[in-house]
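Here is a friendly note to read alongside the model. Please keep the structure in view as you go through the points.

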Amino acid sequence: MLKRIEFACGGILLVAVVVLVAVASVARAMGSPIIWSVEMAQLIFAWLCMLAADIAMQQDRHFGLQILQDTLSPRASALVELFNIVVIIGFLAFLLYYAWGNMILMHPRLVGAAQIHASYIHASMVVGILLMMRTMISQLIRRVRNKGGL
């Protein structure tokens, strides 16, 4: 259910950024530019990127190297996979700490003509990292359960 909601939100954001850029392009060509369109496109695109990154993680479509795992036994390969997931969770936790601090730091800053807080853009990192951590933790739990404790 949550995956469907996340995918739908990603689709809506994609359509929104395409429509916004198209409308802003037409308005600029007609001599009446929408001055806040760039800021809103940045906001929408940042959120879209983070949602897309989590969707890719859910489907195991992120960049990965299988060379090492292909040369190992199935048990050793499973252990390497679990180790990789734990490292990714740790890295995401590290990034979350700095993303949170950056979001708080950017809140007083107002962005361009839209005059929205920059923290709204930077909050996409915090939410995206939390979503990716949720995905990786659920994958870790699923793999440990499927392997029967290895």
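1. A disulfide is counted here when a pair of cysteine sulfur atoms lies within 2.5 Å. By that rule the structure holds 0 disulfides. Cys 9 is in no disulfide, and its nearest cysteine sulfur, that of Cys 49, is 15 Å away. Cys 49 is likewise in no disulfide, with the sulfur of Cys 9 at 15 Å. Cys 9 is partly exposed at a relative accessible area of 35%, and Cys 49 counts as partly exposed with 35% relative accessibility. (On this scale buried means under 20% relative accessible area, exposed over 50%, and partly exposed in between, with a 1.4 Å probe and protein chains only.)

2. A word on the source: this is a predicted model, in which local features need pLDDT of at least 70 and side-chain atom pairs count only at pLDDT 80 or more, while totals for chains, interfaces and linings use all residues. Residues are numbered from 1 along each chain as its sequence is written, and side-chain values use heavy atoms, with hydrogens and water left out.

3. Now to the helices. Helices (H or I, at least four residues) and strands (E, at least two) are DSSP runs, numbered from the N terminus. Axes are lines fitted to C-alpha atoms, for helices over the stretch in contact, and angles run from 0 to 180 degrees between N-to-C directions. Helix α1 (residues 2-29) packs with helix α2 (residues 37-58) at an angle of about 150 degrees, their axes 9 Å apart. The two, α1 and α2, are therefore roughly antiparallel to each other. (Angles under 35 degrees count as roughly parallel, over 145 as roughly antiparallel, 65 to 115 as roughly perpendicular and the rest as oblique.) The crossing of α1 and α2 is left-handed, a word used if the near helix is turned anticlockwise from the far one by less than a right angle, and right-handed if clockwise.

4. Lys 3 is a handy place to look on α1, the helix in which it lies. Lys 3 is exposed, with a relative accessible area of 52%. The C-alpha atoms of Lys 3 and Asp 54 are separated by 9.7 Å, although these residues are 51 apart along the chain.

5. How do α4 and α5 pack? Helix α4 (residues 74-106) and helix α5 (residues 119-147) meet at an angle of about 160 degrees, with their axes 9 Å apart. Therefore α4 and α5 are roughly antiparallel to each other. Their contact has 25 nonpolar, 4 polar and 3 charged residues. (Ala, Val, Leu, Ile, Met, Phe, Trp, Tyr, Cys and Pro count as nonpolar, Asp, Glu, Lys and Arg as charged, and the others, Gly among them, as polar.) The crossing of α4 and α5 is left-handed.

6. Helix α5 also packs with α2: the axes of α2 and α5 come within 9 Å and cross at roughly 5 degrees. So α2 and α5 are roughly parallel to each other. The residues of this contact divide into 16 nonpolar, 5 polar and 2 charged.

7. Next, the rings. Rings of Phe, Tyr and Trp (its six-membered ring) pair if their centres lie within 6.5 Å; planes under 30 degrees apart count as stacked, over 60 as edge-to-face and the rest as tilted. The count comes to 2 aromatic pairs. Tyr 97 and Tyr 98 form an edge-to-face pair, 4.9 Å centre to centre with 90 degrees between the planes. Phe 94, Tyr 97 and Tyr 98 form one aromatic cluster. Tyr 97 is exposed, with a relative accessible area of 59%.
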